[in-house]
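Visitor: I am new to protein structures and would like to learn how to read one. Could we go through it together, feature by feature?

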Amino acid sequence: MLDLLNTRQREIRVVMRVCAVLVAIIFLFGLPDSLVQSSIRLATPFVLGSLGALLASRAGVLNLAIEGKMLLGAFVGVAVLFQSGHDPLVGVIAATVSGGILGLVFAILYLRIRINLIILALAVNLLVANGTVFFMRATFGVYGTLADPSIRSLPTLQIPLIEDLPVLGPLLSGYNAIVYVGWVMVVVVWVMLFRTRFGRHIRAVGENQEAAESVGINVTRVQIFALTLSGMLAGLAGAFLSLGVLSQFLENMTAARGWIALTVSLFALQRPVAAFFTSLFFGFAEALSFFIQAQPHLNIPADLVLALPQLATIAALVMVALRIRASELIKRRDFAARFGQEISDLKDMVRPGKAEAT
Amino acid sequence: MKLRLLVIVCLLFGMFGPVVHAQDDMMEDPCLAPMEESGEMMEVPDNSHISFEIILPNPRGDRSFIDSAAAGAERAIAELGVEGVIIETQGVQEHDAAVRRAIQDEPNIVITIAVDAVIIEEVAVEFPDQKFGAQETFFFPAPPDLENLALFNILTHENSYLAGMAAGMLTRTGTVGAVGGIDAPGINLFIVGFEEGVKSVCEDCQTVRSYVGDFSDPVTAKEQALALFEQGADILYQVAGRSGEGVLQAASETGNFAIGVDSNQDHLFPGTILVSAMKRVDNAVFSFVESVVNDTYESGTTTVGLAEGFAGLSWDEGICSRTFDEYGPEDLVAQLPEVRAAIAEAREAILAGELEVTNALEMAG
């Protein structure tokens, strides 16, 4: 089996790509538009959040505060709009900026004052979760839900020519601006990480801080920038929830989406494009669970259906782990095939020597 | 660098500046307000030696079940002149600690809202001198017989049935649905009653349902509601607490309709919410406090519902919400008198015992 994998690697890769394309085509043609659209909407907070998480990870900081930054963004976006008559876009920008500021403060506390990273992140999450509740009561005098007719959600954008296309229309058109920003950010983050000097610095710092420092990279500054950008992306993800999907803020409305985004980034091995597709997969699994529930003739217990995303995650994790193990085994075989003779020769050379010594 | 930071901070404060003013109270009921105010101003008895503490299962702000309970507690404090403490918890993991904490203050009564039966039985046995009033706690198969434990349950299958009739008569597509918080007997009590109501007026109507799996995730609830609307449903009954906000918003955005739950939610999205199936948790809380004030506290289980006025519709007398009449689309508004007549008839049949609605709790027990 392994030999087969080994000798036919190229063919296998081609077959797998063909399969992926086939699955994508079935996905687009076979599934109802609403399911596809729902998946893409549900994936958006994961896309933005995981980009934020992977930027920080690439700079060598595991950003466990994504959840808190998301929640802050969701809150600030709505708070700015509350009875002010501003355009929703103002709220989105404010949310992004607030996430960035929290990221900056987080970075300064961690890098300058040297607070333990994990404790700091948990503290930030708790502070935001309870701080938003406090401010809702103290500033707006409402409990738990901040809603007002003055808070409008982002409009849905129909892209003129594309919306009329048969399959691509519903796939590409009919979302609010943040969804598109999410797609653009995937490319932007990829270009930044792999095609710019700053990105090289981020990766260098993440790979090996001492080495980066020794060639004159300002490690602290790179990390502060990465964490600030990470916070901005998370804040934007929060705004998507409160202003993109809903038009109100509810206590703890992120519902652990920040943590899932972090998982997505780890799962995608900190690669932006992979993170995008992983997010889509997570979004699809969620949307599918709702879709199945909405079919009255399929009599499947709701709890089981709701566990679908989790089951899919476990299945995917197992597959990735198996793949990594298989590739390791292949590498070992490869190595043995190429250098096996030399190694045994070396061993033979050592052994007579030993015999002589005794 | 520093300058840039300063500018960002200033900008943020600039945006926050104009928002700092309190929200007007929109919850005023046009039907009740003038009457109550005049009576209330006259006399508040001094019962400050009597105290109660109420434990809410989740933080306030669901504009539904929990807010209703809190409103009842606040009314008791205002009208009965008692000392009251409202304790909010973050969820089931804090209930036990919150109940025990409340007992330490030795109030005349500890009121719990939707706290699990196991916790209540344990503390009620442990502290025999402390009076407990438990709202929304279902013991299976039967509640324990304790001197210091009063259970108060509001059954909502009958008013859900009436709401279902409204949905069945007003649907344009012939498909209506329900979005529940979790798949549990307490939630299915609503949904099963609702579905029966739909079928009673519209034999061929299809009913669909979906469960969010969480009472505080409106984003998920909204996607589920959109999926149900996509299936052809045009009226959704939300029984999902805070998550339900997402259902209401989805209905409003897609031009479909929703039915509110527990509190009067008709005004949240005027013209979208047909009616709300109300559960007067506020009255239940108030009656607990009143029973201590009047020294009429009795242990045991009290089960009330439509007949006792603890469950009803927001259209009913006393609340007389007419938001949908004002903002709803013409073709549906024109049908409202007919719908209300049918509901009034069914209500009488239920009260007279001629019409029986399935109680999903009994099925589970």
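Predicted model: local features only at pLDDT ≥ 70, side-chain atom pairs only at ≥ 80, totals over all residues.

Visitor: Which sheet do S4 and S5 of chain B belong to, and in what order do its strands come?
Guide: They sit in an open sheet of six strands with parallel pairing, and the order in chain B is S2-S1-S3-S4-S5-S11. At its edges are S2 and S11 (300–304) of chain B, each of which pairs on one side only.

Visitor: What kind of unit do S1(B), H3 and S2(B) make?
Guide: With helix H3 (residues 65–80) of chain B, the strands S1(B) and S2(B) form a right-handed β-α-β unit. S1 (residues 51–56) and S2 (residues 83–88) of chain B run parallel, joined by six bridges. One pair to look for is B:Ile55 with its bridge partner B:Ile87 in S2(B).

Visitor: Now the sheet that contains S7 of chain B: what is its strand order, and what is its pairing?
Guide: This open sheet has six strands in the order S7-S6-S8-S9-S10-S12 of chain B, and its pairing is mixed. S7 and S12 (311–313) of chain B are at the edges with a single partner strand each, so one side of each has no neighbour in the sheet. Neighbouring strands are turned by 20 degrees on average, direction ignored. Inside the sheet, S9 (residues 257–262) and S10 (residues 273–279) of chain B run parallel and share four bridges. There you can find B:Gly260 opposite B:Ser276 in S10(B).

Visitor: Which strands does H8(B) lie across?
Guide: H8(B) lies across S6 (175–180), S7 and S8 of chain B, and runs at about 165 degrees to S6(B).

Visitor: How is chain B divided into domains?
Guide: Domain 1 of chain B covers 46–155 + 282–304, and domain 2 covers 157–278 + 312–364. Over C-alpha atoms, their centres are 28 Å apart. Where they touch, nine residues of domain 1 of chain B are in contact with 15 residues of domain 2 of chain B.

Visitor: How many residues does each chain give to the contact between chain B and chain A?
Guide: Chain B gives 38 residues and chain A gives 41 residues. On the chain B side, H8(B) gives the most, with nine residues. By class, that side has 15 nonpolar, 11 polar and 12 charged residues. For the complex, the predictor gives an ipTM of 0.79 and a pTM of 0.81.

Visitor: Where in chain B is the confidence lowest, and where is it highest?
Guide: In chain B, the mean is lowest in helix H2 (residues 33–42), at 47, and highest in strand S8 (residues 235–239), at 95. Over residues 10–40 of chain B the pLDDT is below 50. Chain B averages a pLDDT of 85, and 88% of the residues score at least 70.

Notes:
Residues numbered from 1 in each chain as written. Chains lettered and ligands numbered in written order. pLDDT = per-residue confidence, 0-100. Helix = DSSP H or I, 4+ residues; strand = E, 2+ residues; numbered from the N terminus. Contact = placed C-beta atoms within 7 Å. Nonpolar A, V, L, I, M, F, W, Y, C, P; charged D, E, K, R; others polar. Domains from an automatic or database assignment. Pairing = 2+ DSSP bridges. Axes fitted to C-alpha atoms, helices over the stretch in contact; angles between N-to-C directions. Right-handed = clockwise from strand over helix to strand, strands pointing away.
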